[in-house]
Amino acid sequence: YIIKPEEFIWEDCYIDLAESADSLVVNLEEYKINGDFKIASCKKLQSSDLESMTKSELRIMRNEIFARYGYMFKSSDLRIHFNNYSWYEGTRGNVDVFLTDIELANISLIKTFEK
């Protein structure tokens, strides 16, 4: 991904400066956070980022945000999915207080594509 500097918010995401001062190259493999959809916690997503994704992928992307904070999923399929990751520890019944403005906006946008 290449994003504008003002779009990059989360301090735990890893970045390399591109040659151009107008953009940043984001190396998803080197993010300090865990998961397959790390960008959902680090960049305010646009519709174009989600248009080609399946409803299943969108659901995982949205719930991965909660999983990073240790949310205990009530849905058995999500519990099984995230229990397959060594970084996931379901220890919290509510993680709303941990969500950033970027994550909240992305959750809302993802939900519109899941419908």
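Two exercises with worked solutions follow.

The model is predicted, with local features needing pLDDT of at least 70 and side-chain atom pairs pLDDT 80 or more, while totals for chains, interfaces and linings use all residues. Residues are numbered from 1 along each chain as its sequence is written, and side-chain values use heavy atoms, leaving out hydrogens and water.

**Exercise 1.** State which residues of helix 5 are buried and what covers them.

*Solution.* Helices are DSSP runs of H or I with at least four residues, numbered from the N terminus. Buried means under 20% relative accessible area, exposed over 50%, and partly exposed in between (1.4 Å probe, protein chains only). By that rule Ile102, Glu103, Asn106, Ile107, Leu109, Ile110 and Glu114 of helix 5 are buried. Their cover includes helix 1, helix 2 (47-50) and helix 3, where contact means heavy atoms within 4.5 Å.

**Exercise 2.** Find the salt-bridge partners of Arg62 and Asp77, and classify the accessibility of Arg62, Glu114, Asp77 and Arg59.

*Solution.* A salt bridge needs a side-chain nitrogen of Lys or Arg within 4 Å of a carboxyl oxygen of Asp or Glu; the count is 4.

- Step 1: Arg62 pairs with Glu114, with 2.4 Å between the closest N and O atoms. Arg62 is in helix 3 and Glu114 in helix 5, so the bridge ties parts 52 residues apart in sequence. Arg62 is buried at 15%, and Glu114 is buried at 17%.
- Step 2: Asp77 pairs with Arg59, the closest N and O atoms lying 2.4 Å apart. Asp77 sits in helix 4 and Arg59 in helix 3, 18 residues apart. Asp77 is partly exposed at 40%, and Arg59 is partly exposed at 26%.

Definitions and conventions:
Helices (H or I, at least four residues) and strands (E, at least two) are DSSP runs, numbered from the N terminus.
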